[in-house]
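Open the model in your viewer and keep the selection tool ready.

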Amino acid sequence: MGEAARKKTYVEDLSRELYDQYNEFTYSYKVDRGLTPEVVREISRQKNEPSWMTEFRLKALDIYYQLDVPPWGPNLDELDIDNIITYVKPSTEMRYSWDEVPEDIKNTFVRLGIPQAEHASLAGVGAQYDSEVVYHSIKENIRKRGVVYLDMETALREYEDMVREHFMTLVPPSDHKFVALHGAVWSGGSFVYVPPGVHVDIPLQSYFRANAPGAGQFEHTLIIVDKGAYLHFIEGCSAPKYSVNNLHAGCVELFVREGARLRYSTIENWSKNMFNLNTKRCLVDKNAVIEWVSGSFGSKVSMLYPMSILRGEGAKAEFTGITFAGEGQYLDTGAKVVHAAPHTTSTINSRSISKSGGTAVYRGVVKFTERAKYSKSTVSCESLMLDAQSRSDTIPVIDIATDEVDVGHEAKIGRISDAAIFYLMSRGISEDEAKAMIVRGFVEPIAKELPLEYAVEMNNLINLELEGTIG
Amino acid sequence: MVIKEQLNELPVKTYRWLKVNGLTLPEPLEIAYQPYKKDYLSFSPLPGLTVRPMPAVPLRDRMGTEYVPYGVSAELAALAEAQPNAGAQVHVAQGVKCPEPIVLSYCCDGENPVVMDHNVVFAEAGSRVTVIFQYSGGEAGAVHNGTLKVFAQPEAEVNIIKIQHMSDAVHHFDSTAAIVGEQARVNFVHVELGGKLAAMNYKAQLSSEAAVAITGAYFGGDTRRLDLNYLAEHYGEGSVSDITVHGALAGEAKKIFRGTIDLKRGARRAKGSELESVLLLDDTVRSIAVPLLLAGEDDVEGAHAASAGKIDADKLHYLMSRGLSEQQATQLLVEAAFQPALDQLPAAWQALVKRELEWRLMQCRTM
């Protein structure tokens with residue numbers, strides 16, 4: 001292909017108009033900036049927590065002080081944790097009806113389409129605004145079958161034993177600095193319990209919205225899908241952009257019991273001043289299945305590697321992820337799988353697009369312990385770069401401690417192929433259309449796994465136009 | 001000198017709990033200078049070819065080439081460069097094509113327990129040369145710490161073959177770097193069969209239209225430890241790298257493969273590919289692969305693939321149904337993994353590698 005034909009493809013940023021509208025910052029209570037045992041005690045007191053939780057928080061804080069910031073991955077120098085407000089209580093109590101949620105907060109969620117989706121296609125909805133959940137509901141027929149879907153605070157009161165048995169056992173505060181921070185100042189999030197054999201046909205969705213500038217969001221999600229049950233859980237996140245940096249250090253712990261199946265979908269669209277340092281982990285029992293669907297579009301910096309621990313024979317993990325890194329973004333994402341039992345299977349399928357100086361990193365690990373005989377893993381990572389200002393790195397680790405395994409890992413990095421465009425054009429398709437087709441084709445395997453409304457949104461937002469030749 | 005630095009560091013670090021960012025020696029290792037008193041050099045004289053044993057005039061200064069950090073660790077490379085007890089300086093004049101390989105054969109024994117060879121191959125524009133390195137022998141406590149720097153000037157072709165079949169009692173460190181000029185080509189073929197701990201580091205810097213190919217083959221049995229680190233840095237447009245490493249592990253052997261293709265901004269139309277594949281012969285082996293692909297340029301093609309698995313039962317069954325014993329059939333399949341490297345060796349060296357491989361496989365299969 002000649003120099004003249006080496007055109008650039010321009011893909012629009014995902015439009016942020018919808019997400020960037022913010023409300024006036026009001027609150028009923030917030031803690032001071034910074035992190036001291038007093039701040040942690042105060043959060044616990046505000047929430048009226050049992051003393052074991054207060055103790056847990058203080059221990060986590062101790063660990064937080066001892067751990068260092070990871071020396072690998074994106075630069076976190078701009079994250080000034082000491083000046084993050086760790087707890088902002090919105091000026092409303094938890095409500096079970098949208099009509100009772102204050103107008104400005106309610107409108108935020110209406111704009112994001114949450115109540116509409118709840119009405120049309122969801123079995124239950126949780127909505128968190130800054131540090132607290134402001135709305136939570138579950139359809140009556142689902143509740144009657146014994147499904148519990150509550151905000152974490154209420155769950156801690158009503159299902160204290162179950163929460164205590166599981167809370168931060170899968171992701172202990174000692175895991176890394178930001179999860180220790182989470183243990184100390186966590187607030188909000190959702191708790192789900194699906195009893196044995198119950199199949200929840202339509203998804204539950206929790207939406208996390210950060211409105212306060214310079215604040216952190218630390219929601220905790222705990223889901224237990226009991227034997228033979230099924231659940232699809234959708235997590236959405238967004239925040240308006242402020243000039244100060246915000247921090248999101250959530251924690252998700254998923255327990256999928258024998259023969260159960262959980263699909264966990266995330267659409268993350270934080271604003272570009274957000275440090276998204278999130279930790280997600282799933283423990284998968286015998287013949288159980290975890291399916292992660294993960295879309296990372298927002299944030300300034302993301303470090304997110306959902307982990308599946310396949311501890312039961314025949315357990316299965318599937319990860320489908322797409323990352324879209326635009327100007328000023330450093331999205332370091334991927335998946336971790338530990339095969340710790342025989343006949344376990346994992347499939348990782350990751351796609352990333354980087355443009356306008358954005359950096360997309362796939363970082364992951366597939367580990368087979370000596371107990372993982374007859375296990376199988378397939379990893380496929382593809383990265384599309386749309387210009388030479390951007391970066392795309394692939395950093396996988398494959399660690400095998402037994403012999404009867406079948407492991408395949410493949411990665412590809414490149415730009416839109418001139419030959420493919422040429423071919424499509426020779427079939428009478430315009431150049432713009434050809435490029436659009438190729439980019440849509442590239443994200444298609446992921447888009448088809450997304451909840452429909454998100455897939456439609458993503459496709460609409462990937463608008464292509466030509467920018468001219470490179471110099 | 002006691003070795004302190006971490007070895008074979010990953011160019012871009014990742015999760016710490018996996019302990020793959022570098023190798024920390026399990027126990028302190030001291031390398032003391034001792035003279036190496038044996039002959040190791042053989043070549044056919046040719047006008048335009050200069051071969052001098054080390055220590056010789058430091059070539060680096062004469063060439064005015066910028067110093068490129070390289071090596072299993074900076075410490076190990078500096079040690080061999082500063083105080084080599086063996087090694088050679090090979091210089092090939094412009095346009096000279098050497099028909100015969102130069103052979104450097106180092107063998108550790110009781111009286112020469114340390115080989116610290118510093119080797120430099122300088123190929124002027126349009127020249128061609130092949131250098132074969134052999135490392136053998138070694139009693140308990142023996143150490144090989146070697147360096148090789150290859151400077152391939154425009155359109156030169158340099159072929160480097162390294163056959164390491166030392167005993168399982170030695171420490172083996174191999175620091176190799178190549179600066180590959182425009183349209184030049186460097187081929188590395190290396191076979192690793194011995195060493196209690198064998199740590200190899202290959203680095204290549206590529207100019208425009210330059211090419212590097214690294215073909216590796218290894219076998220690890222018993223409690224051997226192999227630590228491989230490859231880095232191809234693409235600076236020039238249209239540069240090409242190809243890293244292909246095949247191996248087999250048995251017993252409680254542990255191998256870590258780190259391979260990085262770094263497509264720098266401006267390296268338009270560069271292509272890098274990396275393939276790692278390992279045969280797992282026992283359920284007590286440990287195999288780790290970290291294949292990195294870094295891209296700061298969009299107009300590139302980068303690909304890596306890694307695979308691991310047991311010997312295919314169907315293939316084994318087929319061979320045994322043809323009258324081969326399991327041992328022979330396994331041997332044949334491991335040899336097949338070595339084929340990409342074997343294919344590039346002169347016949348006599350192929351035979352040596354096959355013999356050594358067979359012997360080593362037998363040692364650990366009968367345990």
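**Confidence first**

Chain B averages a pLDDT of 93, and 96% of the residues score at least 70. This is a predicted model: local features need pLDDT of at least 70, side-chain atom pairs count only at pLDDT 80 or more, and totals for chains, interfaces and linings use all residues. Residues are numbered from 1 along each chain as its sequence is written, while chains are lettered from A and ligands numbered from 1 in the order in which they are written. For the complex, the predictor gives an ipTM of 0.91 and a pTM of 0.91.

Switch to chain A. Its average pLDDT is 86, with 91% of the residues scoring at least 70. Select residues 1-9 of chain A: the pLDDT there is below 50, and the stretch has 17 contacts in the model beyond near neighbours in sequence. Next select residues 463-471 of chain A. Here too the pLDDT is below 50, with 22 contacts beyond near neighbours in sequence. A contact means that two C-beta atoms, placed from the backbone, lie within 7 Å.

**Chain B as a whole**

Show chain B as a cartoon. Five helices and 21 strands make up its secondary structure (DSSP runs, numbered from the N terminus: helices are H or I, at least four residues; strands are E, at least two). The radius of gyration of chain B is 20 Å, close to the 21 Å of the globule rule for 367 residues, so chain B is as compact as a globular protein of that length. That radius is taken over C-alpha atoms, and the rule is 2.2 Å times the number of residues to the power 0.38. The C-alpha trace spans about 60 × 55 × 45 Å along its principal axes.

Of the 367 residues in chain B, 54% are buried (20 or more other C-beta atoms within 10 Å of the residue's own, C-beta atoms being placed from the backbone).

**Helix α2 of chain B**

Select residues 74-82 of chain B. Which residues of this helix are buried? They are B:L76, B:A77, B:L79, B:A80 and B:E81.

**A helix pair in chain A**

Select α3 (51-66) and α9 (177-185) of chain A. Their axes come within 7 Å and cross at roughly 155 degrees. That makes α3(A) roughly antiparallel to α9(A) (an angle over 145 degrees, between N-to-C directions on a scale from 0 to 180, with axes fitted to C-alpha atoms over the stretch in contact). Show side chains: A:F56, A:R57, A:A60, A:L61, A:I63 and A:Y64 in α3(A) meet A:K177, A:A180, A:L181, A:G183 and A:A184 in α9(A).

Terms used. Buried ≥ 20, exposed ≤ 12 C-beta atoms within 10 Å, placed from the backbone. pLDDT = per-residue confidence, 0-100. Parallel < 35°, antiparallel > 145°, perpendicular 65-115°, else oblique.
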